[in-house]
Amino acid sequence: MSVDPKDLSEKDRDALLRWRLALGPAAEKTGSCPSLRGLAGGAGAVGVGESDLEELDDALSFVYGERNANTSGSRPYIPKWLGALRGFFRDDVIALVQKDAIEKKGLTQLLFEPETLPFLDKNVELVTTLVSARGLIPDQAKDIARQIVREVVDDLRRKLEASVRTAVFGALKRDRTSPLPIARNMDWKRTIRQNLKGWDAERKRLIPERFYFWPNQRRHHEWDVTLVVDQSGSMAESVVYSSVMAAIFASLDVLRTSLVLFDTEVVDMTPMLADPVEVLFTAQLGGGTDINRAVAYAQANHVQRPEKTLFILITDLYEGGNAEELVARLRQLVDSRAKVLCLLALSDGGKPSYDHAMAEKLTALGIPCFGCTPRKLVDVVERVMRNQDLGPLVSADKEARHG
C-alpha cells in the first residue's frame, strides 16, 4: 500500500523523494512508493522547482532507469538531455553522468553524432572517450571531434605551460652563475644572501664583496626527459596528460624530450611532440601490457647520458611481460645514475589502482612510486633538477591514498 505524502514529516517526505529519484519510475510500480507528483512538495530539497522535477527524473532515468538508450527514438532526446544536465548539476557531476551514459547504456555512438558533440561537456574524460572510440565516430563528426580534443588539450597546455617553464628554468639557472657582469642579469637574491655579513649597521647599507649574475644564455639540452607511458585502457587519462606534458617539455630548448607509448607493442611518439593532438589520435588506447619491452626500447634509444636523464615510467605496473627482467632492467637504469620515477597515474583525481607487489620491488630499488597530478609533476621535475629529496611529495601521495 502506498504511503500518503501528507502523512509524512517534511524530513521523511524529502528523503522519500530522493529515493524515488534514485530508483526511477520503476519504484512507483511496486505500489508502495508515492508518485513523483505526490512528492513534488519536496522539490526544493533537491534544488529544483516543482515544475522541473519531472524533467530531472527524465534526465536521470535516461541513464539509470529502464529507458532503452540504444533505440533510434532516443537519438533526438540526447541534446535535450545534455542541456538538462547543465541546468541541474555541477560540472563534476555532469562529467560523471556522461561517463555512466557512455559506459553503462551504450550511448557511445549516439554521443558521437554531429548534432550531439557540440553539447558535450569538454573535459579530459570526453577526450579519453573520443580518442578511445575514435573508430566509432561517423565521418561527418570527425572534424568536430578533433576540434573538441584540440580545445581541451590547448586549454590544459595554457594552464600548465607557464608553471613548467618557471620551474625548469628556475632550477637550471640556480645550478650556475655567469662571469659576465651585466646589470640586467644580476641575481639580486643570491647577491644579498651571500653578502649579509657585509651589512653596515651604522650606515644601514649592504656592502657586497661579490656580485652574482645569471648566465646570459642557456645551454641546449641540459637534461633528457624520457616519458614511457602505458596506453592500456585503465591508463587512458594518463595518456592524455602525458601527451600534453611531453609537448610542453619538448618546447623548452634546455630539455631533450622523448615520449614512448606502449601496450603489448611500443610506439615512439617523439617525432610528433609538437602536436599532442596528433599523438592522441595516433595512440591505440586499450590492449595488454608489456612494460619490460617498452623500458628496453626507451633505454636503448633514449638514455644516452644517464646522469642527466629523468626517466619517467607512467604505468599501473600490471606487467603482462617478463616481470623479473623488468625489475633487472630498471635496476640497471638506477645503477647508471639515471633519475627513475614511476607514476602510478598521471591524472587530476582518484586513487590509482596498481600492482602493490611490483611497486614494493621498485621502491626497494630506490625508485619512487606514487600517483601524480600534472601540477605535482611540475614540482617533481623541479626537485629532481635541483637534486632535492622527493620524499615529501611521495609521502603526501601515500597519505592521500591511505587516509
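Analyst: Let me begin with a term: patches are made of residues with over 30% relative accessible area and no salt bridge, where like charges are joined within 9 Å and nonpolar side chains (Val, Leu, Ile, Met, Phe, Trp, Tyr) within 5 Å. Accessible areas come from the Shrake-Rupley method with a 1.4 Å probe, and for residues only the protein chains shown count as cover. Lys and Arg count as positive and Asp and Glu as negative, while His and the chain ends are not counted, and a charge is placed at NZ of Lys, CZ of Arg, CG of Asp or CD of Glu. A salt bridge is a side-chain nitrogen of Lys or Arg within 4 Å of a carboxyl oxygen of Asp or Glu.
Analyst: This is a predicted model, in which local features need pLDDT of at least 70 and side-chain atom pairs count only at pLDDT 80 or more, whereas totals for chains, interfaces and linings use all residues. Residues are numbered from 1 along each chain as its sequence is written, and side-chain values use heavy atoms, with hydrogens and water left out.

User: OK, which residues form the negative surface patch?
Analyst: That patch is made up of Asp52, Glu54, Glu55 and Asp58.

User: And where is Asp52 found?
Analyst: Asp52 sits in the loop between α1 (10-23) and α2 (53-64); helices (H or I, at least four residues) and strands (E, at least two) are DSSP runs, numbered from the N terminus.

User: How many salt bridges does the structure hold?
Analyst: There are 15 salt bridges in the structure. One of them joins Asp224 and Arg256, at 3.0 Å from N to O. Asp224 lies in strand β3 (residues 223-230) and Arg256 in strand β4 (residues 255-262), so this pair ties together parts that are 32 residues apart in sequence.

User: Is Asp224 buried or exposed?
Analyst: Asp224 counts as buried, because its relative accessibility is 2%, and buried means under 20% relative accessible area, exposed over 50%, and partly exposed in between (1.4 Å probe, protein chains only).

User: What about Glu382?
Analyst: Glu382 meets Arg386 in a salt bridge (2.9 Å, N to O). Glu382 is partly exposed at 21% relative accessibility, and Arg386 is partly exposed at 24%.

User: Switching topic, which residues form a nonpolar patch on the surface?
Analyst: Trp188, Ile192 and Leu196 do, with about 350 Å² of accessible area together. Ile192 belongs to helix α8 (residues 188-194), and at 42% relative accessibility Ile192 counts as partly exposed.
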